Amino acid sequence: VSCSMAGEEDFFLEEKRFKQYCEDFVKHSQQIGDGWEWRTSKDLGDGYLSKTHFQVRSRHIPPDLEEKNNDNTEQMLFAHVEEPSDDSQAAGACSTEEVVRYEYHVLYSSSYQVPVLYFRACFLDGRPLTLDEIWGSVHASYQARLQEGPWDTITQQEHPILGQPFFVLHPCRTNEFISAVLRGSQEHHRYTNYITLWLSTVGPVVGLNLPLSYAKLAPEQSTDAAL
Amino acid sequence: MTDDKDVLRDVWFGRIPTCFTLYQDEITEREAEPYYLLLPRISYLTLVTDKVKKHFQKVMRQEEVSEIWFEYEGTPLKWHYPIGLLFDLHASNTALPWSITVHFKNFPEKDLLHCHSKDVIEAHFMACIKEADALKHKSQVINEMQKKDHKQLWMGLQNDKFEQFWAINRKLMEYPPEDNGFRYIPFRIYQATTERPFIQKLFRPIASGGQLHTLGDLLKDVCPSAITPE
């Protein structure tokens, strides 16, 4: 692994290096049919990794329709979607399955010199998920950290290339955990794909999982002179 | 920066006279009069329009009121851009006052970020400040500040307090005397005509030969189409 080092603690990722890791990553994704692709922007030639997948969520609506957020309409809607056939008074709880379309983009931040995960989700009718709904779908083990300071971790931001609203996993803390692992990797002259390492750590927070075969990722030819 | 205090004050106190009109399809109990306001260039729409919201909500029923959003000639206005930027981008060649249309329904999810509270604006503002300092000082100055300094920066903006704001911001605008400038210059070039919202790249204040870069150098480097040969 060769990155420019600002201090002994931190590994920073140069943009060229980022693109190379993404290229290796996409090659492996293509081999296993994992759906990642690289998109190049037409005007400035920069780009990003992109993946879309669909997830089925089971949703349980309690009989008490007291809402926690502003929008009551959605809960009202689901309460009427499935009426139990043996109960003409739809007073009981009902659960329904819904399909959510998740879109994940990995962009490079030149300001922080790290990759950043952008994502958005919508139902099949096009209605986007709210930030509350996104938080609600975050894995239980990450919930505690998000409760403390949600504004530091997932926020809604404008996509820097597409100009549309996305949710973003905040990049500030990336270097803390990346540095520790990459230092060990460098000492043992092992190739570690920065994107695989980073995405396998942050992705699960927002429902994105990487098959284990990515861990065996190796460059087709030596991309790192420093190894 | 003390030499530039006049310029700093002029920038801070820049105002745009604006006329807010309720969208004609909003459902009202009686006619809504337009509302006039001087908007601060350096602030954000959702931070300075409480009075606009109250004014129009007076003639509407509560159930007709959802998240407020603003539009100019059919284009939803991004509240997370500074007001002065929005005006320069969309309306700089038109006559004053700037005419903005106010909506309370059909929030354009694909175009605008939500802004459910002032906390969202504060988080956005502070994120911009932090990113700029990452470029200027590798985040050293912003990270050395206490939370109360961050709060003072935000309160200065929110309450239009120039001195309060600059007491903290001046530290973010300094660099060690042995350096000739910041590590990189935080800049964004916005164009109304592109899908890409802005151009942002790493750019050093000093050329390899030691000369100070000019604005022209920056434009030539990152946005040459902006400089026409004529």
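Which domains does the domain assignment give for chain B? The assignment gives domain 1 (1–103), domain 2 (118–172) and domain 3 (175–229). The structure is a predicted model. The largest nonpolar core has 47 residues, and 19 salt bridges are counted over all chains.

**Chain A**

- Chain A contains seven helices and six strands. Along the sequence, these elements follow the pattern α-β-β-α-β-β-α-α-α-β-β-α-α.
- Chain A has 227 residues, of which 46% count as buried.
- When contacts in chain A between residues at least 6 apart in sequence are considered, 62% of them join residues at least 24 apart.

**Domains 1 and 2 of chain B**

- The C-alpha centres of domain 1 and domain 2 of chain B are 24 Å apart.
- Contact between these two domains involves 14 residues of domain 1 and 15 residues of domain 2 of chain B.

**Nonpolar cores**

- Within the largest nonpolar core, of 47 residues, the residues with the most contacts are F20(B), L45(B), W98(B), V102(B) and F125(B). Domain 1 (1–103) and domain 2 (118–172) of chain B each contribute at least three residues to this core.
- Another core, of 42 residues, lies apart from the largest one; its members include Y21(A), I154(A), L182(A) and L208(A).
- With residues up to four places away in sequence left out, V102(B) touches F20(B), T21(B), L22(B), Y23(B), E26(B), V52(B), F56(B), I68(B), W69(B) and F70(B).

**L153(B)**

- L153(B) is located in helix α7 (residues 147–158) of chain B.
- The relative accessible area of L153(B) is 0%, so this residue counts as buried, the limit being under 20%.
- Beyond its neighbours within four places in sequence, L153(B) is in contact with F125(B), I129(B), F165(B), I168(B), N169(B) and L172(B).
- L153(B) and S43(B) are 110 residues apart along the chain, and their C-alpha atoms are separated by 13 Å.

**H114(B)**

- H114(B) is found in the loop of chain B between β5 (98–103) and α5 (118–137).
- The side chain of H114(B) makes a polar contact of 2.8 Å with the side chain of E109(B).
- Not counting residues up to four places away in sequence, H114(B) touches Q156(A), E67(B), W79(B), F107(B), E109(B) and V120(B).

- Side chains of opposite charge can pair when their charged atoms come close.
- D46(A) and R196(B) form a salt bridge through their side chains, at 2.7 Å from N to O. The pair crosses between chains: D46(A) is in the loop between β1 (37–40) and β2 (47–61) of chain A, and R196(B) is in the loop between β6 (189–190) and β7 (198–199) of chain B.
- Why do D46(A) and R196(B) count as buried? The relative accessibility of D46(A) is 18% and that of R196(B) is 7%, and buried means under 20%.
- A salt bridge also joins E158(A) and K78(B), whose closest N and O atoms are 2.4 Å apart. The pair joins two chains, because E158(A) lies in strand β5 (residues 154–158) of chain A and K78(B) in the loop between β4 (75–76) and α4 (83–90) of chain B.
- E158(A) is buried, its relative accessible area being 11%.

**A salt bridge within chain B**

- K118(B) and D50(B) form a salt bridge in which the closest N and O atoms are 3.2 Å apart. This pair links distant parts of the chain, with K118(B) in helix α5 and D50(B) in helix α3 (residues 50–57) of chain B, 68 residues apart.
- Both residues are partly exposed: K118(B) has a relative accessible area of 29%, and D50(B) has one of 33%.

**A salt-bridge network**

- D43(A), D46(A) and R196(B) are joined into one network by salt bridges that share partners.

Terms used: Residues numbered from 1 in each chain as written. Chains lettered and ligands numbered in written order. Predicted model: local features only at pLDDT ≥ 70, side-chain atom pairs only at ≥ 80, totals over all residues. Heavy atoms only, no water. Core = buried A, V, L, I, M, F, W, Y, C linked by side-chain atoms within 4.5 Å. Buried < 20%, exposed > 50% of the residue type's maximum accessible area, 1.4 Å probe, protein only. Domains from an automatic or database assignment. Contact = heavy atoms within 4.5 Å. Helix = DSSP H or I, 4+ residues; strand = E, 2+ residues; numbered from the N terminus. Polar contact = N/O pair within 3.5 Å; in protein donor to acceptor, adjacent residues only side chain to side chain. Salt bridge = Lys/Arg side-chain N within 4 Å of Asp/Glu carboxyl O.
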